[in-house]
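User: I'd like a close look at a single part of this complex. Take your time and walk me through it.

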Amino acid sequence: MENIKELILAKVSDAVIEDKQYLTVTVKPEDLRTLAKMLRYDEGFDYLIQLTGVDYGDSLGVVYLLAKSEDMAVCIVIKTATADKENPTLPTVSDMWKAANWNEREVYDYFGVIFINHPDMRHLFLTERWKGYPLRKDYDAGRDVNPLDLKSYDMSDTTVSYVSEGDGIKKIEKNLFEEEDYVVNIGPQHPATHGVLHFRTALDGEIIKKIDANCGYIHRGVEKLCEGLTYPQSLHFTDRLDYLCAHIYRHGLCMCVEKAAGIEVPERAEVIRTIMDELQRIDSHLIAWSCMCQDMSALTAFIYGMRDREKILDIFEETGGGRLIQNYNVIGGVMADIHPNFVQRVKDFIPVMRKGLKEYHQLYTGNVIARERMIGVGVMSKETAIAYGVTGPSARASGIHCDLRKMAPYAAYDKVEFKEIIRMEGDSMARYMNRLDEIEESLHIIEQLIDNIPEGDFCAKTKAIIKLPEGEYFQRVEGGRGEWGVYILSKGDKTPYRMKFRSPCMTLVNAMDTISRGGKIADLITIGGSMDYIIPDIDR
Amino acid sequence: MFDFSIWTNWIDQFLRTNLPEFWALAIEFVVVGVIILALYCIIALALIYFERKICAFFQCRLGPNRVGPYGIFQSVADMLKMLIKEIIPINHTDKFLFYLAPFFVLIASILAFGAIPWGNGLQILDFNIGIFYILSVSSLGVIGILLAGWASNNKYSMIGAMRSGAQLISYELSAGLALMTIVVLSGSMQLSTMIEGQKDCWYLFQGHIPAVIAFIIYLIAGHAETNRGPFDLPEAESELAAGYHTEYSGLQFGFFYLAEYLNMFIIASIAATVFLGGWMPFHVTGLDGFNAVMDYIPSVIWFFGKVVFLMMLSLWVRWTFPRLRIDHLLDLEWKYLLPINMVNLLVMVIVVIYGWYF
Amino acid sequence: MKSVYNYIISIFKAVYSLAQGFEITFKEFFTKKITEQYPENRKTTLVTFDRFRGELVMPHDENNEHACTACGICMMNCPNGTIKVVSKMVEAEDGGKPKKVLDKYYYDLGKCTFCNLCVLNCPSKAIHFQNTFENSVFTRSKLQETLNKEGSKMREKNKE
C-alpha cells in the first residue's frame, strides 16, 4: 500500500493521506475525478462499495469506499467536501462506477448536493415536493415543514441533469420515455415486485425497452432515526432493513460497534453468531427460491419452500425469542445463551433440509419449462456486475469472487471450511442455482460448528453507556443478498453522528434496467426473482 | 344399461297429448334451460371446492375446512360473497363492451355445455356435427376475453387479452386436429354415434398409437384453451396482476370465474366422450360376465367418473408446473404440437384405410 | 437428420423432466399435511416457545408485590417511547427520607418493537416478556396497558 500512497501524491499533490481502518485519502472536489479515474482505471478499484453523504457542519462531504474485484478485502476511502452549503455541487463519478448513480441521487435527496454531469439528478426516496434536506444537521423536522398530504400527484416524466458549461452550470431537462412508448406500471402494488417497488416499464409489444425504477415508497428514514438513538437502541432497526437477513445485518452493526469500542467478544458468542448467520442465510435463500418459483407461477414449490423454512423459524423462536426479527445479537455477544434444545433441533434440521433440496431440484430445477425460462435470461456480465457494484450470490453467478466470508473472514468463518460458489454464466439459472448450492454450503458450515460450540460466556460485559471514540468505522458483512455494510461517523458521543447502511439490494435494482432490456415481461419477473431484492433494504 | 330416453320420451308424450305442440315445446325448452343453468352453477361450485381441496393436498395443506364439515360449503359462501359484492364502475372504460364481455364468455361456455351427453339418453343437443359445434362455440369465449381486455382501458388487461387471442387461436388448431383424428376413426361427427361406436372398445384403445397421441395432444391443447396454469398467460397473476379481468369486480368477475371452471369441465367431458367412451361402460370383448357387471353401474356415474379423472390430471398439471413464457407457448404449439398432430392425422388415416385398428 | 434426431430427443427429455415433477407432487399428495388448525390446536399441537416475546409483563407475587423500583432505566433504554414510568414520593413509615416508588407503569404494546432492551437493562429484574401472542384488539387504545396492578407495592429486598 505504500506504493499507492506515492502514486496518489504524484497525481494529486495536496491529497491528505491517513492510515485508518482503511487507507483514507481526502481531496478537494476539483481533484476528485482525477483521483477517482486513477484508482478506477489504473489501480483496479473497480467496486464502489459505499457512497455516503455527510454533513460535517461547516461543509457537506461525500465518503467513497472503494474495493477491488480481484481482492474484495482491499479497500480505500476517498473523502471530499464542499464548503458551499447554499448551492453545493460536486463532480459525479457515476460514469466510472454505475453504482454511484443511485447513491448520488440519494445524497442529493438527503443533503441537496448536486452532482455535476450526473445523467439523472432526480430525487430517489423523497418526493419532488419535499422541503429541506433531512440528513443535514440544521434540518427542521417540524410537522409544518412537510405536512401530511393525502393528495395524489402525477409522476414526472422528465429528468434533469446539471452540466458544467464554461464557468456556469446548465440545467438540462430530458424525457424519460419516448413519445410513442407503451409505458406499463409494474408496481408499486404488484404481486411480483417483492414489496413496494415501482418499475415504469416501456414496452414494445411484450419486449422491454426501458425500465425506470422508482423507490422510496416505504422509506422510513432509519439513518436519520439512528442519529438520535444510542448504539444499542439503533440495533433494532437493522433487523427491519432486510427482514429476511435480520440476524446477519444486526451482526454487522454489532461488530462495527464492538471493534470501535474495543469490546472483546467471547468465542462462544462468535460461534453462535456464525451458526445463526448461516441458518438465517438458509432461511433467506429458501425465501428467494420459493418466491422465484411463485413469481414463475409454481405455487406448489413456494409452499414446499415455506414448509421447510418453518423449521428454521422454530429454531430462531426457541433460542432468540423472535421468528422473523430475532433481536438476538447484542453489543458484546448474544442476548441469551442457546436454548438446551438448540443443538438437537439444528441437527434434526440438517437432514430435512438436504432432503428438501433434493426435492426442489427434482421438482423445479430440472423442469423443462423452468429451464427454458431461466437459462440465458437476464444475463449479467462480469463487467456489468462490477460496474453496478453487485455483490452476493447474484455477483457470484457472474464469476466474481466476492464472498466476504472468504475474502475478509469475520466471526468464526476462518475456522470452518466451505466452498465459495462461483458460476460464470450470469443468467437467471446461475443465480438460482447459486442460491440452492449456498444452502448446501451453509449446512456444511453448520455441521462443522454445531458440535464444537466452545464453553464460556455468551456475552461480554459492556459499559452501561457505550460511547465510540471519535472516528470513522466501517464494517462489511456477507448478507443473504450481497454485501451489507455499515459506516459510523462518531464524534465521541453515545449516539452516532452519521450512520449509513450499505444496501445490497439497491445495487441489484439499479442493475435491473440494463440486464432486462430486450427481454419479455415474463423475463422481468424471472430476473426480479433471481436477483431477489427486498425493498425495505433499499428504502431504509 | 338404463336408457334415460324412456323417461324423457314419456314426458314429451305426456305434454304433447295434453297441450298444443307450441306450448309443449315451450315448457320443455324452459325446463331444459333451467336444468342446464342450475347444473352449470352446481358443477362450478363443486369444481371450485374440488380444485381447492386437491390443490391443497398437492401442497401439503388441508385446504378449506371451516365452512361446513371438511369445508364443503366454502364455495357456496364464496358465491354469496361474490353475489353481494359491489360492481365497481370504472371511468374511462367503454361501458357497453365492458358490461357485455363477461356474457360472451359465459354464453360460449353454456352453449358448449348444452351439447354434452350426460348419460344414456341424456343429451340435449345431438346433431350430426356435434363435435364441430362444440369446437366452434367454445372458441367464441375468446371474443369475450378480447372485449374485456380492450374495453377495460387498462394496460395489463390489454396485454392479457392480446396474449389470450394469440394463445386460443393457436391451440384451437391442435384441439381441432386432435379431435379430427378420432373423427377419422369413428366416421361420424355426431356425439351419440361416436359413443355408440365405442361400445366394444373405447376409441383410445381402438385407435391405439395415433389415438393415444391425439388424446395427449388434446389434453394439452384443451388445458391451454381453458387459460389455466401453466398456460394461464392471459391472467398471469405475477406479471399482469389479473390480466384481462383486472378491472372486473363482483358478479362480473364471478362470470369469468365460473366460465373458467366450466370450461375445464367441458374440455374434460369432450375428452371423455371422444376418447374414453363418454357414458359407455368399460367393455372387454369376450368377457360377457365382466361386461354385464360394468353395465350395472349407471351411465351417469361412468360419465362423471371419467370426467373427474381427467380433471384430476388437469389439476395435477396445474399445480406442478411453472407458467410458460409467451414465445415458448407459441413454440410448443407451432413447432411441436401442430406438426406432430398433422403427422398423427395422416397415420390415423392410414390405420383406418388398412383396417389396423381393433 | 441430426436436427430431426435432436427434435425427437428434446421431446422425450422434456416429457421426462415433467414426469419428475409429477412424481414429487404425487408423493406429496399422500404425505402428512402440515396445516396447523388454529384455534383448535391451542391445547394440542400449538407450541409457543418460552422465550418468545409477545407482551411485556410485570410479575406480581401472592402479596401483590412487584420488584420495580421506578428507576426508569427501561424507559430511557426504550428506542420508541413505549414505556412510561410514573413515580411518586412516599413518606417512609419510620420517618426516614421520602422514598420514590412506582405509581403507574404504562406500556404501549402497539408501539413496542420487542427489542428486549428494557428487560436486559432492568437492574431489579422486575419485568419480562411473556409468550402470549393473542394480542389483537379492535382499537389501539386497548393496547395501552398499565403493568403494575391496583394497590401493588414494591417487594422489600430484605424479606427473603
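How many residues of chain C are in contact with chain A, and how many of chain A with chain C?

Analyst: Quick ground rules before the contact itself. This is a predicted model, where local features need pLDDT of at least 70, side-chain atom pairs count only at pLDDT 80 or more, and totals for chains, interfaces and linings use all residues. Residues are numbered from 1 along each chain as its sequence is written, while chains are lettered from A and ligands numbered from 1 in the order in which they are written.

Now the part you asked about: 19 residues of chain C meet 21 residues of chain A, where a contact means that the C-beta atoms of two residues, placed from the backbone, lie within 7 Å. On the chain C side, the elements giving two or more residues are helix 1 (2-29) and helix 3 (117-121). Helix 1 of chain C gives the most, with 7 residues. Helices here are DSSP runs of H or I with at least four residues, numbered from the N terminus.

For the complex, the predictor gives an ipTM of 0.84 and a pTM of 0.88.

Chain A also touches chain B, with 24 residues from chain A and 21 residues from chain B.
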